[in-house]
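This report walks a new reader through one protein model, from its overall fold to a few of its charged side chains.

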Amino acid sequence: MFMAGCNAQATNPGVEVVSPAEFKAKIEGDTEGYLLDVRRADEFAAGHIDGAHLINWLNTDEFKKEAAGLDKSKTIYIYCRSGRRSNEAAVYLSEQGYKVVDMGGGILAWEKEGLPVTSGNNVSE
């Protein structure tokens with residue numbers, strides 16, 4: 001199987017990995033979707049995508065508890081700093097029956113493309 005790019009991310013048929021531009025278009029076009037940032041709170045505060053909800057993937061027990069309450073009828077749009085954590089979390093969520101879109105390259109790639117970020121602790125509810 002051929003993998004394009006320097007992509008060390010896991011492959012899973014339930015996870016769609018897209019570029020930041022595609023990710024932005026998808027979240028803007030899906031009023032029912034759930035935007036999920038899986039980084040630490042300090043990373044989130046330094047800059048995140050407007051409208052994102054924060055659930056730290058590195059706090060496994062808390063992540064699993066919070067994720068269990070997500071609506072499986074909604075697509076989850078997920079990202080992290082560089083794409084590794086979000087892909088791990090996306091694979092986990094997919095295995096739990098969620099439809100997941102992962103942003104390849106994370107917020108670093110998002111910012112590199114000049115896309116907007118919001119700073120502070122204003123976590124969406």
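## A partly exposed glutamate and its surroundings

Glu 16 has a relative accessible area of 33% and is therefore partly exposed, where buried means under 20% relative accessible area, exposed over 50%, and partly exposed in between, with a 1.4 Å probe and protein chains only. The model is a predicted one, in which local features need pLDDT of at least 70 and side-chain atom pairs count only at pLDDT 80 or more, whereas totals for chains, interfaces and linings use all residues. Residues are numbered from 1 along each chain as its sequence is written, and side-chain values use heavy atoms, with hydrogens and water left out.

The protein chain holds five helices and five strands, these being DSSP runs numbered from the N terminus (helices H or I, at least four residues; strands E, at least two). Followed along the sequence, they give the pattern β-α-β-α-β-α-β-α-β-α. The chain has 125 residues, of which 42% count as buried, and its accessible surface, by the Shrake-Rupley method with a 1.4 Å probe, comes to about 6,800 Å², with 49% of this belonging to carbon and sulfur atoms. Contact here means heavy atoms within 4.5 Å; among contacts between residues at least 6 apart in sequence, 69% join residues at least 24 apart.

### Helix 1

In helix 1, which spans residues 20-29, the buried residues are Pro 20, Phe 23 and Ile 27. They cover an arc of only 55° around the axis, and so they lie on the same side of helix 1; the arc is that of the directions from the helix axis to the C-beta atoms. The other side of helix 1 has Glu 28 and Gly 29, which are exposed. The cover over the buried residues of helix 1 includes strand 1 (15-18), strand 2 (34-37), strand 4 (76-79), strand 5 (100-103) and helix 5 (106-112).

### Salt bridges

Side chains of opposite charge can pair when their charged atoms come close. A salt bridge is counted when a side-chain nitrogen of Lys or Arg is within 4 Å of a carboxyl oxygen of Asp or Glu, and by this rule the count comes to seven salt bridges. The table gives some of them.

| Salt bridge | N to O distance |
|---|---|
| Lys 26 and Glu 16 | 3.3 Å |
| Lys 24 and Glu 28 | 2.6 Å |
| Asp 37 and Arg 39 | 2.7 Å |

Lys 26 forms its salt bridge with Glu 16, and this pair links distant parts of the chain, since Lys 26 is in helix 1 and Glu 16 in strand 1, ten residues apart. Lys 26 counts as partly exposed, at 30% relative accessibility. Lys 24 and Glu 28 are four residues apart in helix 1, and therefore about one helical turn separates them; Lys 24 is partly exposed at 24% relative accessibility, whereas Glu 28 is exposed, with a relative accessible area of 54%.

The side chains of Asp 37 and Arg 39 also meet in a salt bridge, and both of these residues are buried. Salt bridges that share partners join Arg 40, Asp 42, Glu 43 and Arg 85 into one network.

### Arg 85

Which residues is Arg 85 in contact with, leaving aside its neighbours within four places in sequence? They are Val 38, Arg 39, Arg 40, Glu 43, Trp 57, Leu 58 and Cys 80. Arg 85 has its place in helix 4, residues 84-95, and with a relative accessible area of 7% Arg 85 is buried.
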